[in-house]
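Q: I have this model open and would like to go through it piece by piece. Please begin with whatever term I need for the first residue.

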Amino acid sequence: MALDAKVADVLNTQINKELYSAYLYLTFADYYEDRGLKGFANWYMIQVEEEVSHAKILRRYCLDNGFTPKMLQIDEPDKTFADDMAPLKAGYEHEQYVTSLIHHCFEVAQEAHDIRTMQMLDWFVKEQGEEEANADEMIKNMELFGTSPQGLYQLDREYATRVFTAPTSMPM
């Protein structure tokens, strides 16, 4: 069964948005690398891998449902940061934005009565809940512990231990 044209269009756009997220998080990692905070940089490099995996999941879903995605131009991230908290807050705001995009994809699939796509997108809805919670926790940790050199060092060490875990199965 081929995807409804409107569903295919929003999923194609979402692939692009996921790849943009990867670009954006690369700039966060670069900021922290320049600051000597390799743990924070690692955390965002894992985010890069997650965002790329999200794009790949959506691409595979489209291909498996009769639609060949078109790779769109990826915008250049335009964020600059004044302090170590700024990328964390920008990350949280970005995750809220991505959540709104996923909700829009779900709504379009719902309007098209595309239950299979809605089920696939349910995984992304849950994933976005985790993404927002993680971003919020990083802000809270920075507020609580990152204001002293010792606390920042400990947070950096903690974030250095994060590893990428690919989704164990395709959410379909």
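A: The helices here are DSSP runs of H or I with at least four residues, strands are E runs of at least two, and both are numbered from the N terminus. In those terms, Tyr32 is found in helix α1, which covers residues 5-35.

Q: And what should I know about where the numbers come from?

A: This is a predicted model, in which local features need pLDDT of at least 70 and side-chain atom pairs count only at pLDDT 80 or more, while totals for chains, interfaces and linings use all residues. Residues are numbered from 1 along each chain as its sequence is written, and side-chain values use heavy atoms, with hydrogens and water left out.

Q: Back to Tyr32, then: buried or exposed?

A: Tyr32 has a relative accessible area of 0%, so it is buried; the word buried stands for under 20%, exposed for over 50% and partly exposed for what lies in between, with a 1.4 Å probe and protein chains only. Tyr32 and Leu88 are 56 residues apart along the chain, and their C-alpha atoms are separated by 11 Å.

Q: Which residues form the aromatic cluster?

A: Tyr32 is one of the members, and Tyr25, Phe28, Tyr31, Phe40, Trp43, Tyr44, Phe81 and Tyr159 form that one cluster with it.

Q: How many aromatic pairs does the structure hold?

A: There are 12 aromatic pairs in the structure. A pair means that ring centres of Phe, Tyr or Trp (taking its six-membered ring) lie within 6.5 Å, and planes under 30 degrees apart count as stacked, over 60 as edge-to-face and the rest as tilted. Trp43 and Tyr159 make an edge-to-face pair, with 6.4 Å from centre to centre and 65° between the planes.

Q: New topic, helix packing. At what angle do α3 and α4 pack?

A: α3 and α4 pack at an angle of about 165°, and their axes are 9 Å apart. That makes α3 roughly antiparallel to α4. The axes are lines fitted to C-alpha atoms, for helices over the stretch in contact, and the angles run from 0 to 180 degrees between N-to-C directions; under 35 degrees counts as roughly parallel, over 145 as roughly antiparallel, 65 to 115 as roughly perpendicular and the rest as oblique.

Q: What about α4 and α5?

A: α4 and α5 pack at about 150°, with 9 Å between their axes. This angle makes α4 roughly antiparallel to α5.

Q: And how do α2 and α3 run, parallel or antiparallel?

A: The axes of α2 and α3 cross at roughly 20° and come within 13 Å, and the two helices are therefore roughly parallel to each other.

Q: Where is His113, and what is its phi?

A: His113 sits in the loop between α3 (85-111) and α4 (115-145), and its phi is near 55°, a positive value in a residue other than glycine. Most residues other than glycine have a negative phi. His113 counts as exposed because its relative accessibility is 68%.

Q: Which residues of α3 can we look at next?

A: Val108 is in helix α3 and counts as buried at 11% relative accessibility; its C-alpha atom is 9.1 Å from that of Met118, 10 residues apart along the chain. His94 is also placed in helix α3, where its relative accessibility of 9% makes it buried. Between His94 and Val10 there are 84 residues in sequence and 18 Å in space, C-alpha to C-alpha.

Q: Last one, Ser53: buried or exposed?

A: Ser53, which is found in helix α2, counts as buried at 13% relative accessibility. Ser53 and Thr80 are 27 residues apart in sequence, with 26 Å between them in space, C-alpha to C-alpha.
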